[in-house]
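Welcome! Take a look first, then read on.

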Amino acid sequence: GRSFGASVEEKMGAYKYVEELWKKKQCDVLRYLMRIRAWQYRQQTKIRRCTQPTRHDKAHKLGYKAKEGFCIFRTAVRRGGRKRPNGKGIVYGKPKHQGINQLKFKRNLRSVAEERVGRKCSNLRVLNSYWINQDATYKYYEVICVDPTHAAVRRDPRMNWICDPVHKHREMRGLTSAGRKSRGLRVKGHRANKSIGSSRTAAWKRRNNLSLRRFR
């Protein structure tokens, strides 16, 4: 009889091979490809529309469809922390607030990439995004956008939820996957007690403020 390994190998499709290749980013093939692509991306604008996704398997996992109404934008985000924008580094306040250089932005760079694409393409809805490359200065992401006014999207029962007005600029409000991560919503169960109600700040305020309600 055939071994179990052989049966699994026979079932592997093309996307599975691409996925396994992208898991080994230090292999010669990907190192060479990514070095060439990083050079190409540096010559282009910070936000650029792509004809097709760089990582087909990843894009389709995150909801991309190769049909009308869907588009991909590649964007470059400068790496590193966030320097506070004070003139000459002078803070006219208490010593606690005088830090300038070693500050970190609360959200991750992928969320920033989604936000920039969402601002540029205000008529589209940001669905999701994924990492494609990085060099010493930039991280490069591809953002999947959907046109909520396109008939092909509005007729699709699996996709037309994004056409509702409540999903306008969801990337600005921390509703995408990258945005939910910085809000602490990736964890479930007893570890998520501090983020019940989807807001750590609101949960803290609710537990630490005394509210004596009475009938009036």
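A residue is called exposed when its relative accessible area is over 50%, buried when that area is under 20%, and partly exposed in between. With that in hand, Arg119 counts as exposed, because its relative accessibility is 55%. Please keep in mind that this is a predicted model. The points below cover charge pairs, a charged patch, cysteines and one leucine.

**Salt bridges**

- Side chains of opposite charge can pair when their charged atoms come close.
- Counting such pairs here, with a side-chain nitrogen of Lys or Arg within 4 Å of a carboxyl oxygen of Asp or Glu, gives 10 salt bridges.
- Arg119, the exposed residue from the lead, has Glu115 as a salt-bridge partner, and their closest N and O atoms are 2.8 Å apart.
- Both Glu115 and Arg119 belong to helix 5 (residues 109-120), where they sit 4 residues apart, about one turn of the helix.

- Asp156 pairs with Lys67 in a salt bridge whose closest N and O atoms are 3.0 Å apart.
- This pair connects distant parts of the chain, since its residues are 89 apart: Asp156 is in the loop between helix 6 (151-154) and helix 7 (177-182), and Lys67 is in the loop between helix 4 (56-61) and strand 2 (70-78).
- Asp156 counts as buried at 15% relative accessibility, while Lys67, at 34%, counts as partly exposed.

- Which residues form a positive surface patch? They are Lys106, Lys194, Arg200, Arg206 and Arg207.
- One of them, Arg206, is found in helix 8 (residues 200-208).

**Cysteines**

- A disulfide is a covalent bond between the sulfur atoms of two cysteines.
- Cys50 is in no disulfide, and the nearest cysteine sulfur, in Cys71, lies 9.8 Å away.
- Cys71 has its closest cysteine sulfur in Cys145, at 5.1 Å, which is too far for a bond because the two sulfur atoms would have to be within 2.5 Å.
- Are these cysteines buried or exposed? Cys50 is buried, with a relative accessible area of 10%, and Cys71 counts as buried at 7%.

**A leucine in helix 5**

- Leu109 lies in helix 5, the helix that also holds Glu115 and Arg119.
- At 21% relative accessibility, Leu109 counts as partly exposed, because this value falls between the 20% and 50% limits.
- Leu109 and Lys205 are separated by 96 residues in sequence and by 28 Å in space, C-alpha to C-alpha.

Key. Residues are numbered from 1 along each chain as its sequence is written. This is a predicted model: local features need pLDDT of at least 70, side-chain atom pairs count only at pLDDT 80 or more; totals for chains, interfaces and linings use all residues. Side-chain values use heavy atoms; hydrogens and water are left out. Helices (H or I, at least four residues) and strands (E, at least two) are DSSP runs, numbered from the N terminus. Buried means under 20% relative accessible area, exposed over 50%, partly exposed in between (1.4 Å probe, protein chains only). Patches are made of residues with over 30% relative accessible area and no salt bridge: like charges are joined within 9 Å, nonpolar side chains (Val, Leu, Ile, Met, Phe, Trp, Tyr) within 5 Å. Accessible areas come from the Shrake-Rupley method with a 1.4 Å probe; for residues, only the protein chains shown count as cover. Lys and Arg count as positive and Asp and Glu as negative; His and the chain ends are not counted. The place of a charge is taken as NZ of Lys, CZ of Arg, CG of Asp or CD of Glu.
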